[in-house]
Amino acid sequence: MPTISPEPTPPAPTAPHQYRQVAESFGANPERYDRARPAYPAALINRIVTESPGPNLLDVGCGTGIAARQFRAAGCTTLGVEPDARMADFARRSGIDVEVATFEAWDPAGRTFDAIVAGQAWHWVDPIAGAAKSAQVLRTGGRLAPFWHVFQLPFEVAQAFSEVYERVIPGSPFNIQPERGPVLGVYEPILTKAADGIRVAGGFTDPEQWRFDWEQHYTRDAWLDQMPSHGPLTQLPPEQLAQILEGVGTAIDALGGGFTMPYTTVVVTATRTAAE
């Protein structure tokens with residue numbers, strides 16, 4: 001896949017949570033986002049539910065409610081916090097209760113929770129402030145569990161994406177290069193920053209990682225439907241986006257019209273210790 005973070009981010013020193021124009025661009029087409037983005041492994045949902053002290057869950061950056069609906073189906077009472085009102089409105093249509101705010105500014109109004117999750121969203125939260133806020137609203141033994149999809153495109157598709165992106169948008173601040181080897185290491189800075197934020201904030205056990213491996217097959221049309229929901233592409237003019245999709249579509253056609261994507265979904269998790 002291209003060496004991009006869970007939602008592509010600009011190079012250092014800018015931190016993802018400071019790059020708000022990308023973070024707030026996903027609501028431009030919430031229907032596409034909800035339709036095209038993959039859900040989370042059932043084993044991940046079940047483990048978080050099983051290893052939390054109760055069913056009352058807060059979903060940070062809940063987006064259109066993809067994860068929230070899965071947790072609700074697993075028996076949780078779920079509240080979402082989402083900074084984009086367009087995404088929040090979409091989630092509410094499926095019965096998810098959502099409050100519009102960034103997590104750092106959100107007012108818990110005295111409420112507490114058994115678990116706090118964030119699917120593909122915690123890198124948009126200040127890692128220390130977010131962990132500290134979580135410590136305030138989690139019950140003793142409650143679980144903080146942000147998680148991310150790590151995926152690896154076939155090299156031919158990733159290479160086509162890289163080449164057409166450089167041609168259409170030369171000098172882009174996004175680091176998009178195809179990789180032939182495993183890409184989990186590309187995500188380590190995101191995972192490390194989340195774990196370090198938990199340690200610095202205090203009030204938690206030492207964070208650990210859970211990993212869930214799975215696969216999903218994409219047709220040409222299904223992958224091209226998902227691509228415009230990715231960070232660097234959400235803000236492109238239609239003519240530039242069309243050129244990128246055409247180039248990637250040609251590469252998928254050369255593979256027979258589809259491909260199987262290996263995914264690893266990684267959770268960084270810790271539990272709230274007793275207040276001192």
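Of the 276 residues in this protein, 57% are buried. The model is predicted, and its fold comprises ten helices and seven strands. Contacts between residues 24 or more positions apart make up 78% of those with a separation of 6 or more. The protein exposes about 11,300 Å², and carbon and sulfur atoms supply 51% of that area.

**Nonpolar cores**

- In soluble globular proteins, nonpolar side chains tend to be buried together.
- Here, the largest nonpolar core holds 54 residues.
- If you want to find your way around this core, start with L58, W106, W122, W223, M227, I244 and V248, the residues with the most contacts inside it.

**Around W106**

- W106 has a relative accessible area of 4%, under the 20% cut-off, so this residue counts as buried.
- Leaving aside residues up to four places away in sequence, W106 touches L58, L79, V81, E99, A101, R111, F113, K133 and V137.
- Among these partners, L58 also belongs to the residues with the most contacts inside the largest core.

**Aromatic pairs**

- The protein has ten aromatic pairs.
- One of them joins F103 and W106: the ring centres are 6.1 Å apart and the planes meet at 20 degrees, which is under the 30 degrees limit, so the pair is stacked.
- F103 is buried too, because its relative accessibility is 3%, under the 20% cut-off.
- W214 and Y263 form another stacked pair, because their ring centres lie 4.3 Å apart and their planes are at 5 degrees.
- W214 sits in strand β6 (residues 208–219) and Y263 in strand β7 (residues 258–271), so this pair ties together parts that are 49 residues apart in sequence.
- Y263, at 3% relative accessibility, counts as buried.
- W214 and Y263 are also members of a cluster linked by ring pairs, together with F151, Y218, W223 and F259.

**Charges over rings**

- The charged end of K133 sits over the ring of F103, 5.5 Å from the ring centre.
- K133 also touches W106, the residue whose ring stacks with that of F103.
- R47 lies over the face of W210, at 3.9 Å from the centre of the ring.

Terms used
Residues numbered from 1 in each chain as written. Predicted model: local features only at pLDDT ≥ 70, side-chain atom pairs only at ≥ 80, totals over all residues. Heavy atoms only, no water. Helix = DSSP H or I, 4+ residues; strand = E, 2+ residues; numbered from the N terminus. Buried < 20%, exposed > 50% of the residue type's maximum accessible area, 1.4 Å probe, protein only. Contact = heavy atoms within 4.5 Å. Areas by Shrake-Rupley, 256 points an atom, 1.4 Å probe, with all protein chains shown as cover. Core = buried A, V, L, I, M, F, W, Y, C linked by side-chain atoms within 4.5 Å. Phe/Tyr/Trp six-rings, centres within 6.5 Å; stacked < 30°, edge-to-face > 60°. Lys NZ or Arg CZ within 6 Å of the ring centre and 35° of its normal.
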